Amino acid sequence: MIKRKSRENAGVMSESLIKSITLAWILLVAAVAGISAWTMHADWNETVSQTEETAINLSLSQARQAEDTFLQTELSLRELQRVVEGQLSTGVDGPALSQTMRELQHRLPQLHGLFYYDAQGKWIATSAAQTPAGINNSDREYFIYQRNNLRNSIHPGPVISSRSTGDLVIPVSLRVSDAYHGFQGVLLATIKVDYFRRFYSYYEMGKRDVLVLMLADSSVLYARPMPDSYIGKNLSSSPLFSEKLSHMSRGSGQWTAALDGKKRIFGFASSDRYPLIVAAGYDTQDLFMRWLKSRVQDVALSLALIGIIVALGIYVMRQAQRSLRYQSELTSLRDELKKANNTLSRMAHRDALTNLANRREFDRYLDEALTLARQRAEPVALVMIDIDFFKRFNDTYGHVAGDACLQRIAYALNALPLRSTDLVARYGGEEFAIILPGADNQHAKAIATNAAAAIRELHIPHRSSDLPSQQVTLSAGYAAQIPADEGPTREALIAQADRALYFAKQSGRNQVKGSEETV
Ligand SMILES: Nc1nc2c(ncn2[C@@H]2O[C@H](COP(=O)(O)OP(=O)(O)OP(=O)(O)O)[C@@H](O)[C@H]2O)c(=O)[nH]1
């Protein structure tokens, strides 16, 4: 029972230890994985914000560059406007104006051409080598815009294909008015889309990164590295126009480009002077792959660390299981040893047949009782008991029955109403003894008489007994002494009780005699 309990305890302990190790292990792996993931996440966020910063800076510089390009163009147009408006009353000198235009164009590499159309859209002057005949430009967007708009401001329009050369150009127009603000035609400068194409090609960008120049109405003027088919595309569905530009002139963010449906990290800037916007977008997937490549070492280190922890955890777990197994085996070995010790100790002090104290224990206990009695000046009594005609019982009923009879007698003696300090022992063979510390003759006689009666009450048949009851009986002799300093010794007390027993036998058996009767 005790053994099972201690095994159960060991089992519960080992289970909780394994649970603790597993929990600590999982927590450690989770902590390392969490810290690594958090570090990577923070690093990626830092990369994104740096990229946004770069995108804003690129957009700003390109917006400034576009602004300069348009400003130079505006200054040229203003100069031409002054000349044309000064000649309106006398009639515009087309060839001279064309010459001025050629000189101006020569100074500005972005210019594709300069033109003046009168109020009906007829070509009056151009920087081109010759004025094409029969072409009318009154249907162009810029012409209609300037005719209907009294504001004296330049108007960059959506990209068109030049009617003179077929090139893609950005038209920048300025109204010509007379003194009464009457419409007197349109001055037009066309800026080569190729100018921006060449300029944007100087920047090192990824294959899927974009740099886009747009008008404020969201139409594309040029988008690098997209083909020309993207020019003129309307991007009003982009978050750039639907959210960002409504409350900021420059900024950044991540969104899916309306241009081609790819997710990018954007920076954007709009011109303060002209309705122009530049956006630089870095492909999120490309950036992530580049970032991941640069972090391969960190990822490998984190994975290696987690691997080491997992391996260590498995090793510790195995060691713990092994030592727990050893511990459990040791516990059960200890239990078995304890049990064996108990058995040995019982065997050393107990009689194997009757389980009463044996002769060795009898001697020890009687010595102890005598020493104690000597110290306290109290008496010690001893009752010696011998079964009557037991040889005959064995002869009659056999040795096995004799053993059983002795066991029943021992049980009955042990069941007598005795004090906790009294001791019943098997003295030897069919002889028993009762040590009664603190008992006088009277007490000892009572116990001996009770013992005789108890055996009689067992009614064990004994047909070869000389006694008329033909049942097993006992004879008992008792002696009580207050031990003096020099005696009595154990042997003396035993001898006294033995003499009384001999007297009881002599007196016919089945009776109790005291040592006082033998004197
Ligand atoms: N069955 C059995 N018999 C035992 C045991 N120990 C001693 N005896 C027997 O007890 C008998 C004792 O016989 P005796 O000493 O002659 O005494 P008795 O026959 O009882 O005669 P009285 O004492 O004079 O009445 C012997 O025959 C022993 O063999 C035992 O452990 N088991």
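Mentor: Two residues are in contact if their C-beta atoms, placed from the backbone, lie within 7 Å. By that criterion, and leaving aside neighbours within four places in sequence, V212 is in contact with V220, A223, L259, V278 and A279. Residues are numbered from 1 along each chain as its sequence is written. The model is predicted: local features need pLDDT of at least 70, side-chain atom pairs count only at pLDDT 80 or more, and totals for chains, interfaces and linings use all residues.

V212 belongs to the largest nonpolar core, which has 61 residues. Such a core is a set of buried Ala, Val, Leu, Ile, Met, Phe, Trp, Tyr and Cys residues joined through C-beta atoms within 7 Å; buried means 20 or more other C-beta atoms within 10 Å, exposed 12 or fewer, and partly exposed in between. Together with V212, the residues with the most contacts inside this core are Y116, L187, L213 and V278. Helix α1 (residues 2-87) gives the most to this core, namely eight residues; helices (H or I, at least four residues) and strands (E, at least two) are DSSP runs, numbered from the N terminus. Domain 1 (2-193) and domain 2 (196-292) each supply at least three residues of this core, the bounds coming from an automatic or database assignment. Apart from it lies another core, of 46 residues, with F393, A480, A497 and A504 among them.

Some backbone details complete the surroundings. The peptide bond from R224 to P225 is cis, with omega near 5 degrees, and P225 lies in the loop between β8 (220-224) and α5 (239-242). H181, in the loop between β5 (168-177) and β6 (183-192), has a positive phi of about 65 degrees although it is not a glycine. This H181 is exposed, with 10 other C-beta atoms within 10 Å. H459 likewise has a positive phi, near 50 degrees, and is found in the loop between α11 (441-456) and β15 (474-481). It also counts as exposed, with 10 C-beta neighbours inside 10 Å.

Finally, UniProt lists residues 299-317 as "transmembrane region" in an unreviewed entry; its positions follow the numbering used here, feature names are shortened, and annotations may be inferred rather than shown by experiment. In the model, residues 299-317 are 100% helix and 0% strand, with end C-alpha atoms 27 Å apart.
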